[in-house]
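Q: I am new to reading protein models. Could you take me through the features one at a time, starting with the general idea behind each?

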Amino acid sequence: MNALLQQVDATYLPAWFAPRPASPFLDYGLTHSLSESSGIPEPSLRLLLTILAGYPIAIFYRLIFLNRTSSIIGESARNWFFLVTGLLMSYFFNSFDIVHPLTTAIGTWAICRFFALVSPKNRTTASTLSFLFNFGYLLTSYKYAATEGYDICYTMQQCVQCLRMIGYGMDFMDGQPKSVKKSAPAGTPVIEKTSEMSPVATAPAAAAVAAPVREKTPISFGRDIALPELPSLSETLAYAFFPFSFLVGPQFSFSLYKKFITMKLFNVPVPSSAGQDEARAAAAATANGIPQGSLRYATRCFFLGVFYLGLGQVLGGYFPTTALLGKAFLERSFAERVFIFWWTGKTVLNKYLGIWTIGEGPCVLSGITFNGYDAQGKPEWDGLRNVNPINYEFATSLSQIISSFNMNTNFWAKLYIFKRLRFLGNKNLSALGVLLFLAIWHGTHLGYFFCFGLEFMDMETERRWSARLGRRMDAFIGRQSGVAHAVSKAAWGTFTWLLTTSALYFAAVPFDLLQIDKSLEAVRSINYLGIWVMLGLLGTDVVLSIVMPKKRSPKSFKTE
């Protein structure tokens with residue numbers, strides 16, 4: 001038995017999971033030429049070209065398929081368009097390695113389908129097996145495909161799809177039929193009405209109806225994401241390979257995808273605060289029954305993403321993480337090393353801001369990001385944005401960073417991991433469980449664990465000092481007036497911004513270096529400054545809690 005297992009580990013698993021040679025039908029000559037002329041690695045260019053290809057595809061879909069007035073183009077045609085284009089884009093990026101995301105998408109659907117037939121009243125097993133299958137497949141892919149550096153290969157799509165299909169399985173579990181209330185007719189499902197649902201059938205009619213302003217939350221995971229019935233295989237594959245998000249996100253539920261291809265996503269009334277004139281104007285400003293304004297927002301996404309990528313490319317030449325290693329860096333003064341370390345961490349994260357923002361553009365052009373209307377009756381298209389640049393750049397707390405950076409993945413983690421760990425009865429344990437999951441999900445490199453471990457400790461430090469000092473400072477600033485108020489507010493904001501960004505960028509360096517020996521060498525070059533500051537603040541809070549204990553009323557564990 002041991003011999004068989006060793007043979008599987010040494011022969012069969014590497015043969016399946018190791019990256020395959022490129023297909024002879026694919027010509028990567030363009031990307032190789034651009035790579036040689038620009039100095040950008042070829043896999044990075046292929047990733048960027050795949051994402052940019054979403055723009056013409058989204059425009060074509062917008063012109064032909066994004067039409068609520070057509071009696072020819074329907075839900076099935078839209079679904080097949082996304083399935084075919086998504087598979088083609090994935091094939092261009094992955095070549096023969098497209099077999100891996102196909103395996104997990106079809107495998108997840110098959111698991112749910114099997115248990116829907118043999119045990120329709122117990123979907124928990126299907127969800128559990130889907131989780132183990134997708135997460136186990138991803139980790140096995142890391143084992144046989146990962147290198148010591150940052151890999152841009154099929155594991156990138158597999159990483160995104162892992163979360164998508166785990167959420168798909170949990171939504172299927174949550175859609176388990178429950179006992180129907182006696183007041184409801186037999187066979188009628190009981191549906192909780194939410195602010196995202198509307199009885200209105202068409203956009204012009206919706207715009208004319210007075211309605212309250214919707215609560216603005218990310219539309220990626222609404223309250224109605226449970227799946228009472230298992231979607232078809234073609235819908236599941238189109239959702240998994242959605243051409244504008246299969247590589248770098250954003251994450252969103254199958255429920256949103258279904259509302260999008262059925263055009264129910266646009267059944268949102270203009271809020272009553274806009275007035276009847278604005279409502280009628282919004283109804284008139286439609287093309288094929290679709291609100292206007294997405295082209296302007298998508299253009300903004302494109303140029304902002306290009307700016308961040310260009311900035312990252314320029315700064316990367318001055319502040320590469322590898323420059324933090326070696327004797328030459330240690331020969332600089334301590335102040336210089338801290339300054340360079342800070343800018344290096346910021347440079348690491350710039351590329352994520354750029355690629356997510358560029359990737360948001362095709363989603364906006366396709367229409368799936370429609371987020372209703374604002375108080376003035378203007379359509380909003382930020383429903384799936386993954387980063388809020390203004391809030392991110394000027395954040396004065398790590399909680400603000402979390403709510404403005406990789407937003408949909410954080411929302412996914414809160415919904416599918418954090419809230420599912422409520423049985424632990426402790427928020428800190430649930431948060432630690434989320435960070436451990438995310439570290440493993442990113443990869444098996446210890447640099448990820450170093451990064452997320454620092455994040456957990458930094459968040460705990462911030463929580464303690466925000467309760468101890470933050471409220472007092474806010475009260476002090478509120479009592480000031482005139483110039484004193486402006487100066488004290490600016491000084492406190494600058495101080496908290498510097499602490500927040502320093503903690504964030506300090507943790508970003510191990511995230512990029514990946515290897516624990518390199519990460520430790522980098523943080524050792526600044527004498528472990530970030531760790532000592534964090535431990536000092538935590539220790540001070542513990543001492544103050546002993547010297548000046550506060551009476552705290554017991555609180556129940558909540559996740560809302």
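Q: Is L520 buried or exposed, or in between?
A: Buried means under 20% relative accessible area, exposed means over 50%, and partly exposed is in between, with a 1.4 Å probe and protein chains only as cover. L520 has a relative accessible area of 31% and is therefore partly exposed. This residue sits in helix α22. Helices (H or I, at least four residues) and strands (E, at least two) are DSSP runs, numbered from the N terminus.

Q: What kind of model is this, and how are residues numbered?
A: This is a predicted model, in which local features need pLDDT of at least 70 and side-chain atom pairs count only at pLDDT 80 or more, while totals for chains, interfaces and linings use all residues. Residues are numbered from 1 along each chain as its sequence is written, and side-chain values use heavy atoms, with hydrogens and water left out.

Q: Which residues make the nonpolar surface patch?
A: Patches are made of residues with over 30% relative accessible area and no salt bridge; like charges are joined within 9 Å, and nonpolar side chains (Val, Leu, Ile, Met, Phe, Trp, Tyr) within 5 Å. A salt bridge is a side-chain nitrogen of Lys or Arg within 4 Å of a carboxyl oxygen of Asp or Glu. Here L436, L446, F449, I516 and L520 form a nonpolar patch of about 380 Å². Two or more of its residues come from each of α20 (446-479) and α22 (516-524).

Q: Which residues touch the most other members of the largest nonpolar core?
A: A nonpolar core is a set of buried Ala, Val, Leu, Ile, Met, Phe, Trp, Tyr and Cys residues joined through side-chain atoms within 4.5 Å. The largest one has 123 residues, and F82 and F260 touch the most other members. Helix α15 (residues 334-366) gives the largest share of this core, 13 residues. Apart from it lies another core of five residues, including F17, Y137, A145 and Y154.

Q: What does F82 touch?
A: Contact means heavy atoms within 4.5 Å. Leaving out residues up to four places away in sequence, F82 touches Y61, A238, F241, F242, P243, F244, Y257, F260 and I261. For the chain, residues 24 or more positions apart account for 77% of the contacts with a separation of 6 or more.

Q: Why is helix α10 described as largely enclosed by the rest of the structure?
A: Seven of the eight residues of α10 (residues 233-240) are buried, so this helix is largely enclosed. They are S234, E235, T236, L237, A238, Y239 and A240. The buried residues of α10 pack against α5 (75-94), α6 (99-118), α8 (154-174) and α11 (254-261).

Q: How many residues of α11 are buried?
A: Seven of the eight residues of α11 are buried, and this helix is mostly covered. The buried ones are F254, S255, L256, Y257, K259, F260 and I261. They pack against α4 (54-64), α5, α8, α10 and α15.

Q: Which backbone angles stand out here?
A: Most residues other than glycine have a negative phi, and most peptide bonds are trans. M263, in the loop between α11 and α12 (275-284), has a positive phi near 70 degrees. At a relative accessible area of 5%, M263 is buried. L514, in the loop between α21 (482-513) and α22, also has a positive phi near 70 degrees. L514 is buried at 1% relative accessibility. A cis peptide bond joins G249 and P250, with omega about 10 degrees. P250 lies in the loop between α10 and α11.

Q: How many disulfides are there?
A: A disulfide is a pair of cysteine sulfur atoms within 2.5 Å. By this rule the count is zero. For C162, the nearest cysteine sulfur is that of C159, 7.1 Å away. C162 is buried, at 2% relative accessibility. For C301, the nearest cysteine sulfur is that of C363, 9.2 Å away. C301 is buried too, with a relative accessible area of 0%.

Definitions and conventions
Accessible areas come from the Shrake-Rupley method with a 1.4 Å probe; for residues, only the protein chains shown count as cover.
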